[in-house]
Amino acid sequence: MQFQQLQYFVAVAETRHFTRAAERVHVAQPSLSQQIRALERELGADLFVRARGNIALTDAGEALLPLARRILADADTARQEVQELVQLRRGRVRLGATPSLCTGLLPDVLRAFHDRYPGIQLLVQESGSRDLVRELARGALDLALIVLPLPAPAPALTTVELLREDLVVVSSPEAPAPGGGRPAVEISDLENERLVMFRYGYDLRELTVTACRSAGFEPEFAVEGGEMDAVLGFVRAGLGVAVVPRMVASRAGRGLRVTPLARPGLSRTIALAHRSDVAPPRGARELQRMLLER
């Protein structure tokens, strides 16, 4: 039984005329009649009583008609569902990002994406770059915002550099200014500060600790193990200073003193990654475009 045969059958049943049915479905009348007979052979029953000037449904035809209409309607619904996905009216995007990017970069971009495509569900997973790469590789994410360079080679990923972002030192305005109040802080000045440090797995933790060791000292932690919001809260409370992305510091609001790092300072490269062997779905590609054009 073919889908096209059911279309022809319904057309004849509704017009009660083979020629008019053929015109409706845009096919030659002999081809339509041939397909109807093939359908009857397949079902083992006549579907129409054929008399000159009078086409009527048999009992078998009467039984098939509502089923055929339902099948055709379901096929039309399936077509519309797929078209809605293609036209970005429905669907989902699974995006991974480091916590600092969820705080700094993503809110404005995701708001713009949601305003344009309100039917697309956004699923965001916060984690470190290493975990996000693993989730991409196993197909649990469509896109991920990660920090380069990757901790280990990932040949199965395609990465596109998105931006380079400076890191700054944040402290409580009620505490002494780091670096003696100079306009910019040297990495070596952090030897005299107690740091509020992120948990293991944070890219910022590894970057900061590596920079301190390169400057010849082991950093001292006042508090460690926090997520971004906790770190900023501990700094506001005067427990210590922290090294954070400039975007995060600019969105953090009152209660923080922001001091840049003296040149060459510290920066990080943010990239957008997806699997090389699987094209991201349409919604993810549109989000990718918006991120690259931001």
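1. F9 is buried, with a relative accessible area of 0%. This value, like the others in this note, comes from a predicted model. F48 is also buried, at 3%, and F18 is buried with a relative accessible area of 11%.

2. Ring pairs join F9, F18 and F48 into a cluster. A search of the whole structure gives four aromatic pairs. In the pair of F9 and F48, the ring centres are 5.5 Å apart and the planes stand at 50°, so this pair is tilted. F9 sits in helix α1 (residues 3-15) and F48 in strand β1 (residues 48-51), and the pair links distant parts of the chain, 39 residues apart.

3. The rings of F18 and F48 have centres 5.9 Å apart and planes at 70°, so they form an edge-to-face pair. Because F18 belongs to helix α2 (residues 18-25) and F48 to strand β1, the pair ties together parts 30 residues apart in sequence.

4. Turning to the whole protein chain, there are eleven helices and eleven strands. The radius of gyration is 32 Å, well over the 19 Å that the globule rule gives for 294 residues, so the protein chain is more spread out than a compact globule. The C-alpha atoms fill a box of roughly 105 × 35 × 30 Å along the principal axes.

5. Of the 294 residues in the protein chain, 43% are buried. Among contacts between residues at least 6 apart in sequence, 73% join residues at least 24 apart.

6. The protein chain carries 37 positive and 35 negative side chains. The centres of these two sets lie 5 Å apart.

Notes. Residues numbered from 1 in each chain as written. Predicted model: local features only at pLDDT ≥ 70, side-chain atom pairs only at ≥ 80, totals over all residues. Heavy atoms only, no water. Helix = DSSP H or I, 4+ residues; strand = E, 2+ residues; numbered from the N terminus. Rg over C-alpha atoms; globule rule 2.2 N^0.38 Å. Buried < 20%, exposed > 50% of the residue type's maximum accessible area, 1.4 Å probe, protein only. Contact = heavy atoms within 4.5 Å. Lys, Arg positive; Asp, Glu negative; His and termini not counted. Charge placed at Lys NZ, Arg CZ, Asp CG, Glu CD. Phe/Tyr/Trp six-rings, centres within 6.5 Å; stacked < 30°, edge-to-face > 60°.
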